[in-house]
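This briefing is meant to be read alongside the sequence and the model.

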Amino acid sequence: MNYVEQINKIKSLVEYYTCQSNQPISELLNNPSSEFKQSAYRLFYELIKFKSPSFYQEPNPINEVFSLIKRSISCTEHSKKSVLECVERWWLEWYFTLEMDTKLTSNITDIPACFVSSSTQHPMRKHELSHYAKLFTVLPMPICNVCARTGDLLKVNQRFVDIFGYTLDEVPNLAVWWEKAFPDPEYRKSAKALWKNSLQFAKENNNDIPANDYRVRCSNGSELVMEVSGIDNGDEFIAVFYDATERLKAQDILRDMAFLDSLTKIANRRRFDEQFAYEFERLKSSADKLSMIFIDVDHFKQFNDRYGHVTGDICLRDVAQKIAATVSRSEDFVARYGGEEFVVLLPQTDTKGALFIAEQIQKAIEELAIPHQDSFTGLLSISMGVNTADTNDDKLVFLKATDSALYYAKRQGRNCIALSSENL
Ligand SMILES: Nc1nc2c(ncn2[C@@H]2O[C@H](COP(=O)(O)OP(=O)(O)OP(=O)(O)O)[C@@H](O)[C@H]2O)c(=O)[nH]1
């Protein structure tokens, strides 16, 4: 298998898990299925262990291969990039483990003992030695080697110093590291507990320290979210840090995409269902009121028929943005319910407050002054149904009653606001 074929195999793996597998991307990244990890491992083993000894020749081959693939992925393909980075991270960890298990001896002084396997039968050759020393230095992520008994940091690589700004003299042991990199006592406590659990897990599971995200304070005061994993051989462990900022950003984008209506750029129905359930749950344990407004654009079928669907789309986008701009409290929530229908949730708001907001929305849409020749006023208008729930109300009954109020407004001739009969 040549280099290009090897690269294509990795690309196909990423392509498959991004586009064809049934697992949603966010779940794939947060909770990778064993099938995904196993496929990545099989490919790693095939290329690195058996078929491609040439992978060993360069000090940092995995990084090079993945950089090449990254360059071939367009910057808009966020999910593909995230999946690729996930595979790269595993490969680097496996690469370390493989080297440790099969190549190293314990009588070498300039190599962290963590690289050294006591079960190794073959003494390491000189060029291999320099290779491993180099590996520690050139790997593109921060790495530190720690004595498990004393907590002394035995070695950190240049990348560690570059990224965090701490030299070995400044963080000589774990106690100082926890103090400096985790200055908030509360967060330090939870981070330490997470790390302790990870080390325990490693002892019970092949020495692999599982990856978790930690918020690390750098010497210049900035904070980075780092995914930390590693290897624990009992006497020492190696912690490998991977910058999770890009992954978290990609996850945020994916989450936004899943919950955003692509046309109007406000929350979609799925997001509404979630928020509605959350607000109703909250209502149960409080004496507050929750108000809701259903909004429907009047005679929108005729608008589309007269002005065309493209103008119709622009109109829906403008109406949605106007509603969102009018409802300004941070706890209020606006979503596209479907088609030309929108919904507003107003926590801690009584009927009077909700009617006031509905009037504001009506005024705002009037100010948009979108021509609509088939409308009574000559301008695009909306109809609204308003309803208010309290602790004892049922979610679905409330939703239905608000919908009925909206259709009452329609029957009244449109361009008006109707209050649910429950509130009269
Ligand atoms: N352009 C565009 N039109 C949409 C979209 N979603 C739904 N519609 C149209 O909105 C129209 C809604 O029509 P109806 O449900 O009959 O309602 P209406 O014409 O607004 O009448 P009333 O609600 O009774 O005032 C349909 O023609 C849908 O095709 C969209 O995303 N873009």
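Which residue in β4 is the bridge partner of Tyr214? The bridge partner of Tyr214 in β4 is Met226.

This is a predicted model, in which local features need pLDDT of at least 70 and side-chain atom pairs count only at pLDDT 80 or more, while totals for chains, interfaces and linings use all residues. Residues are numbered from 1 along each chain as its sequence is written.

The chain holds 15 helices and ten strands, where helices (H or I, at least four residues) and strands (E, at least two) are DSSP runs numbered from the N terminus. Of its 424 residues, 31% are buried; a residue is buried if 20 or more other C-beta atoms lie within 10 Å of its own, exposed if 12 or fewer, and partly exposed in between, with C-beta atoms placed from the backbone.

**The antiparallel sheet**

- Five strands form an open sheet in the order β2-β1-β5-β4-β3 with antiparallel pairing, and two strands pair if DSSP finds at least two bridges between them.
- The edge strands of this sheet are β2 (153-156) and β3 (208-217), each of which pairs on one side only.
- The twist from one strand to the next averages 25°, with axes being lines fitted to C-alpha atoms, for helices over the stretch in contact, and angles running from 0 to 180 degrees between N-to-C directions.
- Helix α9 (residues 185-204) packs on the sheet and touches β3 and β4 (223-232), and its direction makes about 165° with that of β3; residues are in contact if their C-beta atoms, placed from the backbone, lie within 7 Å.
- β3 and β4 pair in the antiparallel sense over eight bridges, and they form a hairpin with five residues between them, in whose turn Gly221 has a positive phi of about 95°.
- Seven bridges join β4 to β5 in an antiparallel arrangement, with Met226 opposite Asp243 in β5.
- The hairpin of β4 and β5 has three residues between the strands, and Gly234 there takes a positive phi near 100°.
- Strand β1 (residues 143-147) and strand β5 (residues 236-243) run antiparallel and are joined by five bridges, with Cys147 standing opposite Glu236 in β5.

**The mixed sheet**

- A five-stranded open sheet has the order β7-β8-β6-β9-β10 and mixed pairing.
- β7 and β10 stand at the edges with a single partner strand each, so one side of each is left without a neighbour in the sheet.
- Helix α11 (residues 269-284) packs on this sheet, touching β6, β7, β8 and β9, and its direction makes about 130° with that of β7.
- Strand β7 (residues 333-338) pairs with strand β8 (residues 341-347) in the antiparallel sense over five bridges, and Val334 has Val344 as its bridge partner in β8.
- β7 and β8 form a hairpin with two residues between them, and Gly339 in the turn has a positive phi of about 45°.
- Strand β9 (residues 382-389) and β10 run parallel and are joined by three bridges, with Met384 opposite Ile417 in β10.

**A helix pair**

- The axes of helix α12 (residues 300-307) and helix α13 (residues 309-326) come within 7 Å and cross at roughly 130°.
- That angle makes α12 oblique to α13, since angles under 35 degrees count as roughly parallel, over 145 as roughly antiparallel, 65 to 115 as roughly perpendicular and the rest as oblique.
- Phe303, Asn304 and Tyr307 of α12 make the contact with His309, Thr311, Gly312 and Cys315 of α13.

**Nonpolar cores**

- Of the 41 residues in the largest nonpolar core, Ile293, Ile295, Val344 and Met384 touch the most other members; such a core is a set of buried Ala, Val, Leu, Ile, Met, Phe, Trp, Tyr and Cys residues joined through C-beta atoms within 7 Å.
- Strand β6 (residues 290-297) gives the most to this core, with six residues.
- Not counting residues up to four places away in sequence, Ile293 touches Val344, Ala354, Ile357, Ala358, Met384 and Val386.
- A second, separate core of 28 residues includes Leu139, Val146, Ile209 and Phe237.

**The segment after β10**

- Asn423 lies in the segment after β10 (417-419) and is partly exposed, with 16 other C-beta atoms within 10 Å.
- Leaving aside neighbours within four places in sequence, Asn423 is in contact with Thr351, Asn387 and Thr388.

Notes
Contact = placed C-beta atoms within 7 Å.
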